[in-house]
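Trainee: I have a model open and want to read it feature by feature. Please take me through it.

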Amino acid sequence: MKTPTSYRLSTRNKKSIDDVAVHTPGHGRKHLTRGEALDLIMSVTTIEDITNALRARYHGLVPVEPANRAGLTMNLIPSTIEAIEDLASRIDMTKDTVVRLAIEAYYVKFLSGSSTKM
């Protein structure tokens, strides 16, 4: 059973989720929903991915976008919610930050994986 859950994301994070959703075929549909895209992202995200995303933020020249005040609500499977909560408690960061870092890390993998197939 999916649970509606809301996270505060930046505009860039929302666009990244949409890109993942559009470029990943859904179950009998053209693409995934945002919730399914976040389920996919969190299913392959490791603590190393989170630390790499933090490292990229630290060394990057582009400032981190502020999160929008209004949260983005997505229907997530329980294992995704548990993974977010687990990572947030282990690294002592908010769930919103963990989600944003996971999206950033996955999006970099997604782009580099797509470019190597060309």
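Predicted model: local features only at pLDDT ≥ 70, side-chain atom pairs only at ≥ 80, totals over all residues.

Trainee: How many helices and strands does the protein have?

Mentor: Helices (H or I, at least four residues) and strands (E, at least two) are DSSP runs, numbered from the N terminus. Here the secondary structure comes to five helices and two strands. Along the sequence the pattern is β-α-α-α-β-α-α.

Trainee: What share of the residues is buried?

Mentor: Buried means under 20% relative accessible area, exposed over 50%, and partly exposed in between, with a 1.4 Å probe and protein chains only. Of the 118 residues in the protein, 35% are buried.

Trainee: And how should I read contacts along the chain?

Mentor: Contact means heavy atoms within 4.5 Å. Take the contacts with a separation of 6 or more: 77% of them join residues 24 or more positions apart.

Trainee: Now the helices. How is a packed pair described?

Mentor: By the angle between the two axes and the distance between them. Axes are lines fitted to C-alpha atoms, for helices over the stretch in contact, and angles run from 0 to 180 degrees between N-to-C directions. Start with α1 and α2: their angle is about 90°, with the axes 9 Å apart. They are therefore roughly perpendicular to each other. The cut-offs are under 35 degrees for roughly parallel, over 145 for roughly antiparallel, 65 to 115 for roughly perpendicular, and oblique for the rest.

Trainee: Which residues of α1 and α2 meet?

Mentor: Ile-17, Asp-18, Val-20 and Ala-21 in α1 meet Arg-34, Ala-37, Leu-40 and Ile-41 in α2. By class, that contact has six nonpolar, no polar and two charged residues. Ala, Val, Leu, Ile, Met, Phe, Trp, Tyr, Cys and Pro count as nonpolar, Asp, Glu, Lys and Arg as charged, and the others, Gly among them, as polar.

Trainee: At what angle do α2 and α4 pack?

Mentor: Helix α2 (residues 34–44) packs on helix α4 (residues 78–91) at about 50°, with axes 9 Å apart. That makes α2 oblique to α4. The crossing is left-handed; in that case the near helix is turned anticlockwise from the far one by less than a right angle, while clockwise would be right-handed. Leu-38, Asp-39 and Met-42 in α2 meet Thr-80, Ala-83, Ile-84 and Leu-87 in α4. This contact has five nonpolar, one polar and one charged residues.

Trainee: How many residues are in the largest nonpolar core?

Mentor: A nonpolar core is a set of buried Ala, Val, Leu, Ile, Met, Phe, Trp, Tyr and Cys residues joined through side-chain atoms within 4.5 Å. The largest has 27 residues, and those with the most contacts inside it are Tyr-7, Leu-9, Leu-38, Ile-41 and Met-74. Helices α1 (11–22), α2, α3 (47–59), α4 and α5, and strand β2 (72–76), each supply at least two residues. The largest share, eight residues, comes from α5.

Trainee: What does Leu-38 touch?

Mentor: Beyond its neighbours within four places in sequence, Leu-38 contacts Tyr-7, Met-74, Leu-76, Thr-80, Val-99 and Ile-103.

Trainee: Is Ser-10 buried or exposed?

Mentor: At 2% relative accessibility, Ser-10 counts as buried. Ser-10 sits in the loop between β1 (3–7) and α1. Not counting residues up to four places away in sequence, Ser-10 touches Glu-65, Pro-66, Ala-67, Asn-68 and Arg-100.

Trainee: And where is Ser-16 found?

Mentor: Ser-16 is in helix α1 and, at 6% relative accessibility, counts as buried.

Trainee: Last, what is the phi of Asp-92?

Mentor: Most residues other than glycine have a negative phi. Asp-92 has a positive one, near 55°. Asp-92 lies in the loop between α4 and α5 (95–116), and at 70% relative accessibility counts as exposed.

Key: Residues numbered from 1 in each chain as written. Heavy atoms only, no water.
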